[in-house]
Amino acid sequence: MTQPILELKELDVFYGPIQALKGVSLQINEGETVSLIGSNGAGKSTLLMSIFGQPRAAGGQILYQGVDITHKSSHYIASNGIAQSPEGRRVFPDMTVEENLLMGTIPIGDKYAKEDMQRMFELFPRLEERRNQRAMTMSGGEQQMLAIARALMSRPKLLLLDEPSLGLAPIVVKQIFATLRELAKTGMTIFLVEQNANHALKLSDRAYVMVNGEIRLSGTGQELLVNEEVRNAYLGGH
């Protein structure tokens, strides 16, 4: 069996005395789209951030391409092919679209910056229209597109997405997920944390359900879409 690109083994994470993640184990194979769903406060974002060592795991292991990165620096992790589009977008507000995209090349240098920027404009045509506009003047949906594009500028082998649909209008959410579907078709490995379980499960090859810092269920996206427990808890029972 081929080695997973990312594997978490019995991961424990604390915020002070509070245990946020309890013995979490999961794996992602190259070329897969895997989502982590669960209610607000379940620990989903904590899990994603802990891959980058913020917060640092108190127990267990994080393996990336078979290498233990549990205690590696965030810079090492980013330079070795993992990129994250964080929750709440967190673009550089006073910088233009182009400047934000260039910030995404920091882990790998700007050798491919020109061609990759063009690729981002093809993937997100709206960003090309706004290329000289400051990020703070853009809509939430445009900022989300920029955050994903900035992450892609480091040519990641693994893309981590934290709540890409949060706070966006339904039509924009559809656009974002259509773009993620295009990315998945190119063979990009995507790990998606998402409260919108319906969109996430339809996009995903496999998914995990997190409850109170623990993985409670896993299966293919399709299996979980029709799972009664998942439907009642996260899909409004329909």
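**Backbone and helix notes**

I looked up asparagine 212 and found it in the loop between strand S9 (206–211) and strand S10 (214–220). Helices (H or I, at least four residues) and strands (E, at least two) are DSSP runs, numbered from the N terminus. Asparagine 212 is not a glycine, yet its phi is positive, about 50 degrees.

I note that this is a predicted model, where local features need pLDDT of at least 70, side-chain atom pairs count only at pLDDT 80 or more, and totals for chains, interfaces and linings use all residues. Residues are numbered from 1 along each chain as its sequence is written, and side-chain values use heavy atoms, with hydrogens and water left out.

I then checked arginine 155, which sits in the loop between helix H6 (140–152) and strand S7 (158–162). Its phi is near 50 degrees, a positive value in a residue other than glycine. Arginine 155 is partly exposed, at a relative accessible area of 35%; the class lies between buried (under 20%) and exposed (over 50%), with a 1.4 Å probe and protein chains only.

Next I took H6. It has 13 residues and spans 19 Å from first C-alpha to last, close to the expected 18 Å, which is 1.5 Å times one less than its number of residues. I found 12 of its 13 residues buried, among them Met145, Leu146 and Arg150. The buried residues of H6 pack against several elements, including helix H3 (97–103), helix H4 (113–123) and S7; contact means heavy atoms within 4.5 Å.

Last, I looked for a cis peptide bond: glutamine 54 to proline 55 is cis, with omega near 5 degrees. Proline 55 lies in the loop between helix H1 (44–51) and strand S4 (59–64).
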